[in-house]
Amino acid sequence: VSPALDGTAIRRRVLEASHRAHVGHIGCSLSVAEVIAVVFRCVLRRTGPDDPDRDRFVLSKGHAALALYAALAIRGDLDEATFLTFGEDGTRLGVHPDAAIPGVDFSTGSLGQGLSFACGAALAARTAGSARRVVALLSDAECDEGSTWEAALFAGHHRLGALTAVVDVNGSQALGRTREVLGLEPLADKWRAFGWTVVEAPGHDESALERILAPRRADPDAPLVVLARTELGHGVSFMANDVRWHYAPMTDEQARAALAEVDAADRSAP
Ligand SMILES: [Mg+2]
């Protein structure tokens, strides 16, 4: 029996695999666990990885690749033996995703580029007469990058209604708090000014995310951006909102404590 594809299942697999590989980027994978669960469970249609009309997903914040691999593994798109090679020499599952992996359409990790990829995919869908959707997941710090705003301008101008961007607004980036490194607020006003429909969401509330992301859209012509308010390291109290967990790997003791906390929260969940 495969476990449910939810944020808790992704969180558990991220912790196990990052510990096994002694690889970091944990906090930024945990902040998107619920967003990725909802996107893969409720938004992207299940078609083959080679179906030209498949929906497209761009993990612009490529350093959260482990959360993406976890979703693919839970869904059964990535076999278990391959998932277990994460971070090993010679694996296809590197710290950043590669388009050579079935189910991964875009190699990412050079930050600030994913929204441009997604714009191209949405424009191509229109040109091809395809009803496919395109979802891009960005970090909030990618909104520091000029290329993100060039893509936002392009999507607004071309009314790319097939495009949805989700921004993981966790308030953290590699070297500090976003409000201290480069302030982004009022972020909703900025996206709105570029011609996007803006929805703010509690980013760890799967029901709320599903209500926003799953339906076909009321305004089919404007691109949609969801500002998902999240927490770095969500679900593991000693990681929460602590910038060190952008990059650090766990010790054995930390991994045990983190998994115990996720299990306890799961048992007490309604
Ligand atoms: Mg961030």
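Author: Let's start with α3, which is mostly covered: 10 of its 11 residues are buried. Buried here is under 20% relative accessible area, exposed is over 50%, and partly exposed is in between, using a 1.4 Å probe and protein chains only. Helices are DSSP runs of H or I with at least four residues, strands are E runs of at least two, and both are numbered from the N terminus. This is a predicted model, so local features need pLDDT of at least 70 and side-chain atom pairs count only at pLDDT 80 or more, while totals for chains, interfaces and linings use all residues. Residues are numbered from 1 along each chain as its sequence is written, and side-chain values use heavy atoms, with hydrogens and water left out.

The buried residues of α3 include Glu-34, Ile-36, Phe-40 and Cys-42. Ile-36 and Phe-40 turn up again in the largest nonpolar core: they are among the members, of 57, that touch the most others, along with Ile-10, Leu-15, Phe-57 and Tyr-69. Such a core is a set of buried Ala, Val, Leu, Ile, Met, Phe, Trp, Tyr and Cys residues joined through side-chain atoms within 4.5 Å. Elements that each supply at least two residues to this core include α1 (7-21), α3 (33-43), β1 (56-59) and α11 (252-268). The top giver is α4, with 10 residues.

Take Leu-15: leaving out residues up to four places away in sequence, Leu-15 touches Ile-26, Leu-30, Val-236, Met-239, Met-250, Ala-258, Leu-259 and Val-262. Contact means heavy atoms within 4.5 Å.

The magnesium ion is coordinated by Asp-140 (OD), Asn-170 (OD1) and Ser-172 (O), at 2.1 to 2.2 Å. Donors are N, O and S atoms within 2.8 Å of the metal (3.2 Å for Na, K and Ca), and water is not among the atoms, so sites may look incomplete. Along the chain, the donors follow the spacing D-x29-N-x1-S. Asp-140 sits in the loop between β2 (134-139) and α7 (146-157), and Asn-170, 30 residues apart from it, in the loop between β3 (163-169) and β4 (172-173). Asp-140 is buried at 1% relative accessible area, and Asn-170 is buried at 5%.

Thr-178, in helix α8 (residues 178-181), is buried too, at 9%. Its contacts, again not counting residues up to four places away in sequence, include Asp-140 and Ser-172.
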